[in-house]
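Welcome! Let us take a walk through this structure together, starting with the whole chain and ending at a single residue.

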Amino acid sequence: MFEDIPVDVSPMYEGERIRAANMFCELAGPKSIGAELVQVAEDVEDGSVEVVGPNIDEMTEGEVYPLGILAEIRGEKLEKELEGVIERKMHELCNYVNGFMHLNQRDQIWCRVSKEARDKGFKLEHLGEAISALYREEFPIIEAISIKIFTDKAEVESFIEMARNQYEERDARSRELSDEDVDVFYGCVMCQSFAPTHVCVVTPDRTALCGAINWFDCRAAAKMDPDGPIFEIEKGEVLDEIKGEYANVNAAVADRSQGTFDRVYLHSVFGYPHTSCGCFEAVAFYIPELDGIGIVDRDFKGETPLGIPFSAMAGQCSGGKQVEGFAGLSLEYMRSPKFLQADGGFERIIWLPKEIKDSLTDFIPEDLMGKIPTEEDASSIKEIRRFLREHEHPIIERLKEAKEAEEEVTEEVPAVEEAGFTPAEMEGTPVAYAPELTLPASGGVKIILKNAKVYAEKVIIKKK
C-alpha cells in the first residue's frame, strides 16, 4: 500500500516525538499558522494529492513554515455531521508516518519533519498519499478522497479563514441543545495513545477538550462505528446536577481509564475535575491567593499570573491526569451556560487573555465584561487584586466573607507571637508552587499536599 513512500507507515509510530535536535523543519505550531479541514463534497477527484507552496526539499533546515491540510471526501453514506470526527482522526493517521509528528487539531495543529525522513526523500505528497490510503482503510464509507496541502503563506491564510467559518458552523449547531435535552452522553478515547488514562466526556453543554468534536459529531461517529473510540454513555442517575456528576459517567471513566479514576465533575475544577489529555485548547487554573480562576489558551505567548507559560501549565495536568485546581477545556465550552457552573462560572474568572475575552463578548455577562482583567490590565497577583478591587469584581465580596470567617476561627487559636513566630517570619517569600506535592513518610504512609506553596524567609544558594 505504501511502496512509493520512502518512510515506513504504521500505527507503531503513533507516539513518536520529534525533538528539536532531530528536527529538519517545523510546520504551523506556535511560531507560525496552520489548520486542517475535512469536508464532504460531491465533486472529488479520487486519489488527487496536490502541494501548493514549498515542498520539504525546498525548505531550509531549522525553519518554520505555515501549513494547511484539506481533505475532501465523497461517499453515499457520508453525512455532514461526520466531518468533525473524520477530521479529528487526521491527528492519529498523520502520526502513523515515521518521521512526521502531528499535534493538536483544527487551527492549532503543530507538525515536525525529522532529518532522517528528509534524508530518505520524504515529501509532502507522500504525507498526502499516506493520509488518503489510511482514511480509506479506516472509513470504508469513503468512496473518493482528494488531499490538498498548502505551505504558501497567502494560501494558508485564505484556507484558515475558510476553515474557521466551517468550525463556527459546527459549534453553533451544538449550542442549540443542552444536557437536559438528551438521555445519552458520549465518551471518546481517541487521545489515549498520548494520554493512556484520559477519557473525554462529551455532552451538549461540554464539547471535547480538543474543541474539534461536539455531541452531534459523537452521535454520528458512534452510529457509524459502534466499536470505535467514540461510544455511548447512558446519562442515567444524576448524582450532582450542578457539579455535573453522573453515575454512568463515573462507571465509564473507571472502565476506560483502567480503574485509575472513578469520579468526574464535568463542571468544576475542584474535587474531581475532568481528566486532561494534551490536545486541549485551554487550561483553567486556580489562583489560591484570590480564590479565583484564570484561563489561558494555547495561543497565549506570555506568562500567566502564576509566573509560568501555557506549556508549563499544560505539562502539570496533561497526559490523562486529574489534578485538582487545573482542568483542560475547549474554548467552545466557555460559551456554554454550564461553564464551570459549580465554581461560579464567569463570576469566578479573574484573568483571561484579551483574545479569548474579545471572542466571548456575547457570552460573558455584560455586567462582568469590564471587571475581568486581561494581560493588558494585570500580569501579577498584586496587579490583578488591585484591578478587581477598582472594578468591584464579585470575587472581592467572596474574599471579604472568607476573611471574616477566618478571623472568627483564629480568635480561638494562639496568636502568631504566642506560637513563637514573628510576623516577619510568617510573611516569608513564596519560592515554590505545585498543584500536588508528595512528601515521604514512614510506616507506609504517603502525605499529599494539594495546591502546595513553599515559603522561605531567606534562600541561600551555596556553590560546592
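Buried residues make up 50% of the 464 residues in this chain, and what you are looking at is a predicted model. Running through the chain you will find 12 helices and 19 strands.

Helix H3 covers residues 124–138, 15 residues in total. From its first C-alpha to its last, H3 reaches 21 Å, close to the 21 Å expected at 1.5 Å a residue. Several of its residues are buried, including Leu124, Leu127, Ile131 and Leu134. An α-helix has 3.6 residues a turn, so residues three or four places apart point the same way. The buried residues of H3 also include His126, Gly128, Ala130 and Tyr135.

Finally, let us zoom in on asparagine 214. Where does asparagine 214 sit? Look in the loop between strand S10 (200–202) and helix H5 (215–224). Is asparagine 214 buried or exposed? Its relative accessible area is 3%, under the 20% cut-off, so asparagine 214 counts as buried. Around asparagine 214 are residues from elsewhere in the sequence: leaving aside those up to four places away, it touches Arg170, Asp171, Ser174, Val202 and Thr207. Its side chain also reaches the backbone nitrogen of phenylalanine 216, at 3.0 Å.

How values were computed: Residues are numbered from 1 along each chain as its sequence is written. This is a predicted model: local features need pLDDT of at least 70, side-chain atom pairs count only at pLDDT 80 or more; totals for chains, interfaces and linings use all residues. Side-chain values use heavy atoms; hydrogens and water are left out. Helices (H or I, at least four residues) and strands (E, at least two) are DSSP runs, numbered from the N terminus. Buried means under 20% relative accessible area, exposed over 50%, partly exposed in between (1.4 Å probe, protein chains only). A polar contact is a pair of N or O atoms within 3.5 Å; within protein, one must be able to donate a hydrogen and the other to accept it, and residues adjacent in sequence count only if both atoms are side-chain atoms. Contact means heavy atoms within 4.5 Å. The expected span of a helix is 1.5 Å times one less than its number of residues.
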